[in-house]
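Dear colleague,

Please find below the structure that I am handing over to you. The findings follow directly after it.

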Amino acid sequence: MNKAPVNKRLAVYPGTFDPITNGHADLVSRAAPLFERVVVAVAESSGKGPGFSLDERITLARLALADLPNVEVRGFNTLLANFVTEVGAGVIIRGLRAVSDFEYEFQLASMNRHLIPQAETLFLTPAEQYSFISSSLVREIGRLGGDISGFVHPAVQQAMRQRWRSTISKSEGDTHA
């Protein structure tokens with residue numbers, strides 16, 4: 001593992017981003033002015049069974065965040081601590097939507113402090129209109145044909161429509177066999 005020098009003006013915002021939501025984008029837009037660079041780190045997370053491939057999630061995140069010049073989107077398939085060390089980030093950004101998120105996020109921050117003591121965790125909260133949005137809720141609403149336009153970037157909405165259309169077509173084809 002290559003170890004870059006620690007840069008306290010470089011932050012990593014990790015997640016599966018399956019899909020990236022307006023809540024995620026809001027957090028990135030809040031973090032961008034605070035740092036020289038923000039790396040949105042898209043985790044492979046094959047164990048979670050993401051609806052989009054890693055490459056698709058990276059592409060969608062890049063489209064959703066294209067207006068932020070100091071934001072870079074990268075995929076990773078290692079331990080977050082290794083990725084943070086590799087890029088030399090001094091800060092890990094985590095989002096808190098509700099008080100119920102805090103206990104889990106506090107546990108993650110404590111573990112990351114143990115694994116990478118040179119990096120601090122910074123908690124950010126989204127704007128109130130995004131505080132209830134989660135990727136899993138957006139996936140479910142989209143899968144069932146609901147309107148997700150207020151929750152995701154238009155490119156993400158289009159990708160989700162195509163994904164569910166092809167999934168529905170495949171399952172309908174299976175029932176006619």
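The largest cavity holds about 30 Å³ of space. A cavity is a set of points on a 1 Å grid over the protein atoms alone where a 1.4 Å probe fits but cannot get out, and lining residues have an atom within 4 Å of a point. Grid points are joined across faces, edges and corners, and a volume is the space filled by probe spheres set on the points. A search of the whole structure finds one cavity of 30 Å³ or more.

Please note that this is a predicted model, in which local features need pLDDT of at least 70 and side-chain atom pairs count only at pLDDT 80 or more, while totals for chains, interfaces and linings use all residues. Residues are numbered from 1 along each chain as its sequence is written, and side-chain values use heavy atoms, with hydrogens and water left out.

Which residues line the largest cavity? They are Gly 51, Phe 52, Arg 139, Met 160, Arg 163 and Trp 164. Helix α6 (residues 154–175) contributes the most to this lining, with three residues; helices (H or I, at least four residues) and strands (E, at least two) are DSSP runs, numbered from the N terminus. The lining consists of three nonpolar, one polar and two charged residues. Here Ala, Val, Leu, Ile, Met, Phe, Trp, Tyr, Cys and Pro count as nonpolar, Asp, Glu, Lys and Arg as charged, and the others, Gly among them, as polar.

Arg 163 also takes part in a salt bridge with Glu 56, with the closest N and O atoms 2.6 Å apart. The pair links distant parts of the chain, since Glu 56 lies in helix α2 (residues 54–64) and Arg 163 in helix α6, 107 residues apart. A salt bridge is a side-chain nitrogen of Lys or Arg within 4 Å of a carboxyl oxygen of Asp or Glu. Arg 163 is partly exposed at 24% relative accessibility, and Glu 56 is partly exposed at 30%. Buried means under 20% relative accessible area, exposed over 50%, and partly exposed in between (1.4 Å probe, protein chains only).

The structure holds nine salt bridges. Another of them joins Arg 30 and Asp 26 (2.8 Å, N to O). Both residues lie in helix α1, four residues apart, about one turn of the helix. Asp 26 is buried at 12% relative accessibility, whereas Arg 30 is partly exposed at 38%.

The next topic is the largest pocket, which has a volume of about 1100 Å³. A pocket is an open set of points with protein on both sides within 12 Å along at least five of seven lines. Of the 43 residues that line the largest pocket, the closest to its centre are Pro 14, Gly 15, Thr 16, Lys 48 and Arg 94. Helix α4 (99–115) gives the most to this lining, with eight residues. By type, the lining has 21 nonpolar, 15 polar and seven charged residues.

Finally, there are five aromatic pairs. Rings of Phe, Tyr and Trp (its six-membered ring) pair if their centres lie within 6.5 Å; planes under 30 degrees apart count as stacked, over 60 as edge-to-face and the rest as tilted. Phe 132 and Phe 151 form an edge-to-face pair, 6.0 Å centre to centre with 90 degrees between the planes. Phe 132 lies in the loop between β5 (120–124) and α5 (135–143) and Phe 151 in the loop between α5 and α6, so the pair ties together parts that are 19 residues apart in sequence.

Yours sincerely
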